[in-house]
Amino acid sequence: MCELFGMSSDRPISAHTALSLFGMRGGETADNPDGWGLAYLEGDAFVLHKAPEAAARSALFAKLAQQIHSRLIIAHVRRAYPPTAHTLENTHPFMRTCCGRHWVFAHNGQVPELIAAQGCCHPRHSHPGGETDSEHAFIYLLEEIAATFPSLFQAASPEMREAWFATLMTRSTAIAAYGQFNFLMSEGEHLIAYGHDRLYSQQRIEGGVQSVVIASAPLAGDEPWEAFAPGELRVYRSGQVLGRWSAGMAERYTRDIASH
């Protein structure tokens, strides 16, 4: 089963220990040997590295895990099931442009309905570069965002910002009804995490830096991990949760999303 890793913090930091542990899940401590990818912010732009090989045996993955200092990271280790080609086009994270922003997306699970000829949630305007249901879902979600909020990032009101997260929650729930759908997504400002049935978070404060780490399964460590509620979407910015949604509800936190 593929696995996800995400990190959001209020300033660029190293995630060497966590990324190294996660990389081992790409073919050594877990059976995800079919590819790896790392997307991270450098300044205000995403840098993306990926390869259709086992992260646990990748010198490049190990080097990047040691060198990266960033305030936002999304990583993925892949098990190609059902089997698809071990190619860059099928390796997560995926990157696309929408609404004037670059987006990255990585998925854990299976939603075969998305690539069935008469299935649901097909992209209407863009074509995936690879064969995966994951990339189909990513493009579909971006098209829904663009269609519903075409000027989202042009002086959006607090109400609009909250509404598009709720819309993303609705569309994600619809996709999850056809299979297993856990994902991490970002447009460079927010870390968006949807835990259909398998996602955990850990809040950290080290050296005055606040951060959150997201993973499909808890990484080694003494601090506790919090499981997502089934079907829960959370939005983080600068290491703090802005809001969390589950079917039919939205909850606001101390740092209210409307204040951002």
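**Helices, Rings and Loops of a Predicted Model**

Modeller: Helices H1 and H2 are roughly antiparallel to each other. The model is predicted, so local features need pLDDT of at least 70 and side-chain atom pairs count only at pLDDT 80 or more, while totals for chains, interfaces and linings use all residues. Residues are numbered from 1 along each chain as its sequence is written, and side-chain values use heavy atoms, with hydrogens and water left out.

Biologist: At what angle do the axes of H1 and H2 cross?

Modeller: Helices (H or I, at least four residues) and strands (E, at least two) are DSSP runs, numbered from the N terminus. Axes are lines fitted to C-alpha atoms, for helices over the stretch in contact, and angles run from 0 to 180 degrees between N-to-C directions. Angles under 35 degrees count as roughly parallel, over 145 as roughly antiparallel, 65 to 115 as roughly perpendicular and the rest as oblique. The axes of H1 (residues 16-24) and H2 (residues 59-67) come within 8 Å, and their crossing is at roughly 160°.

Biologist: Is the crossing of H1 and H2 left-handed or right-handed?

Modeller: A crossing is left-handed if the near helix is turned anticlockwise from the far one by less than a right angle, and right-handed if clockwise. Under this rule, the crossing of H1 and H2 is right-handed.

Biologist: Which residues of H1 and H2 make the contact?

Modeller: Contact means heavy atoms within 4.5 Å. H2 contributes Phe61, Ala65 and Gln66, and H1 contributes His16, Leu19, Ser20, Phe22 and Gly23.

Biologist: Is Phe22 buried or exposed?

Modeller: Buried means under 20% relative accessible area, exposed over 50%, partly exposed in between (1.4 Å probe, protein chains only). Phe5 has a relative accessible area of 0% and is buried. At 0% relative accessibility, Phe22 counts as buried.

Biologist: In which strands do Phe183 and Tyr194 lie?

Modeller: The ring centres of Phe183 and Tyr194 are 5.5 Å apart and the planes are at 25°, so the pair is stacked. This pair links distant parts of the chain, eleven residues apart: Phe183 lies in strand S7 (residues 182-186) and Tyr194 in strand S8 (residues 191-195).

Biologist: Which residues do ring pairs link into a cluster?

Modeller: Phe183 is buried at 0% relative accessibility, and Tyr194 is buried at 2%. Both belong to the cluster that ring pairs form from Phe105, Phe138, Phe181, Phe183 and Tyr194.

Biologist: Which residues does a cis peptide bond join?

Modeller: Most residues other than glycine have a negative phi, and most peptide bonds are trans. Pro93 is found in the loop between strand S4 (69-77) and strand S5 (94-98). With omega at about -10°, the cis bond joins His92 and Pro93.

Biologist: What is the phi of Cys99?

Modeller: Cys99 lies in the loop between S5 and strand S6 (101-108), and Cys99 is partly exposed at 25% relative accessible area. Cys99 is a residue other than glycine with a positive phi, near 55°.

Biologist: Which residues does His69 touch, not counting residues up to four places away in sequence?

Modeller: His69 is in strand S4 and is exposed, with a relative accessible area of 51%. His69 and His16 are 53 residues apart in sequence and 8.8 Å apart in space, C-alpha to C-alpha. With residues up to four places away not counted, His69 touches Pro12, Ile13, Ser14 and Leu41.

Methods: Rings of Phe, Tyr and Trp (its six-membered ring) pair if their centres lie within 6.5 Å; planes under 30 degrees apart count as stacked, over 60 as edge-to-face and the rest as tilted.
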